[in-house]
Amino acid sequence: MRLADLTVRDLRLALGQLLAAIVFFALVWKILAPFLPAIVWAAILVYATWPLSAPLRRHWPPLLAACGATFMLALIFILPVLFLSMTLGTELHHVLTELSQQDAHTLISTQWSHNVWIKNLLEQIPASWKTPFQPGALSPDLSAWAGRIGMLAGGIGRFAALLVLVLITAFFFYRYGLELLDQLQRMVHQVLGRRGDNYLQTVAITIRAVIYGILATALAQGALAGLGYWATGLPAPVLLAVVTLLFSFLPFGTPLVWGAASIWLLVHGHIAAGVGLALWGALVVSWIDNLIRPLVISSAVHIPFLLVLFGVLGGILTFGLLGLFLGPVVLAVLLAIWREWLQPAQSAET
């Protein structure tokens with residue numbers, strides 16, 4: 001039908017349908033937007049552990065298999081992360097309690113009496129920071145810090161709620177994952193045709209490569225951090241290396257471990273070791289993340305290293321931790337589209 005054959009009534013009907021569709025999908029987005037991170041994380045984790053749940057699906061009824069796979073997911077990913085977050089909050093509370101019972105002058109006179117330059121530095125702390133904490137009599141600076149700590153506690157609570165939603169969503173993905181995948185493939189075929197299979201395969205390969213990159217980065221950071229702990233003479237370097245490995249799964253988690261170890265060395269008078277460990281952690285342990293992960297992803301999906309690096313860093317800056325997956329996936333699909341467009345041109349030239 002040509003445009004000239006359309007009546008005014010047809011145009012009004014089409015315009016009304018388009019407007020109704022826009023309003024409807026806007027409402028759907030408004031409702032689901034708060035839960036999209038949980039949905040995406042659940043889809044990624046279920047995809048990563050889908051082969052591990054195959055024996056359960058073969059020998060158990062579908063409902064019990066989904067329950068068992070969800071429990072397995074909680075043991076592998078969710079519970080360790082939740083435990084580390086709660087441990088971090090507990091340790092922060094202990095540190096604040098200990099600080100509230102100490103006087104900065106006492107700290108200077110006992111721990112730093114033999115280090116004149118650090119003693120002079122600590123003596124520059126404002127007087128409001130040198131007095132012990134008194135309930136109901138916090139200085140403005142300490143009140144600001146209390147507000148920040150409250151925001152941190154609220155963030156940990158929201159993170160725990162996100163993990164619960166991820167587990168609930170993962171259960172339904174384990175239960176109806178094959179049906180959902182079939183419906184997704186049919187929808188992509190209707191929109192993009194057979195070329196949609198290539199895009200879906202690119203997404204799957206990239207997600208798998210990101211998971212492998214995360215594991216390789218965690219092992220490398222744990223090993224390098226353990227080397228630093230051993231070289232500086234810290235007790236139980238292997239245990240600290242394992243803790244560093246586990247904390248590497250959290251955003252900015254490794255600095256919490258090697259940073260705390262550096263502070264411990266400084267407090268006990270090991271100035272050279274503390275400064276050296278801090279430099280080693282900042283320049284080697286933390287930055288290795290920006291090298292190993294893009295290398296693993298680049299070699300797995302056969303896209304340029306620089307593009308993967310931009311995808312990882314840009315994705316984290318845009319979407320937070322979820323961007324670790326979304327950034328490389330989006331750029332990988334973009335490269336697949338680019339290569340597909342170039343193929344007809346190359347065929348025509350030959």
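**Exercise 1.** Determine whether Thr217 is buried or exposed.

*Solution.* The model is predicted, so local features need pLDDT of at least 70 and side-chain atom pairs count only at pLDDT 80 or more, while totals for chains, interfaces and linings use all residues. Residues are numbered from 1 along each chain as its sequence is written, and side-chain values use heavy atoms, with hydrogens and water left out.

Step 1. Buried means under 20% relative accessible area, exposed over 50%, and partly exposed in between, with a 1.4 Å probe and protein chains only.
Step 2. The relative accessible area of Thr217 is 2%, and Thr217 is therefore buried.

**Exercise 2.** Describe the surroundings of Thr217.

*Solution.* Step 1. Thr217 belongs to helix α9, residues 195-231; helices (H or I, at least four residues) and strands (E, at least two) are DSSP runs, numbered from the N terminus.
Step 1. The side chain of Thr217 reaches the backbone oxygen of Gly213 at 2.7 Å.
Step 2. A contact means heavy atoms within 4.5 Å. Not counting residues up to four places away in sequence, Thr217 touches Asp289, Ile292 and Arg293.

**Exercise 3.** Locate Thr254 and state which residues it is in contact with.

*Solution.* Step 1. Thr254 lies in helix α11, residues 254-267.
Step 1. Its relative accessible area is 5%, so Thr254 is buried.
Step 2. Leaving aside neighbours within four places in sequence, Thr254 is in contact with Gln221, Thr244, Phe247, Ser248 and Ser286.

**Exercise 4.** Characterise the chain as a whole.

*Solution.* Step 1. The chain has 15 helices and zero strands.
Step 1. Of its 350 residues, 30% are buried.
Step 2. Among contacts between residues at least 6 apart in sequence, 66% join residues at least 24 apart.

Definitions and conventions
A polar contact is a pair of N or O atoms within 3.5 Å; within protein, one must be able to donate a hydrogen and the other to accept it, and residues adjacent in sequence count only if both atoms are side-chain atoms.
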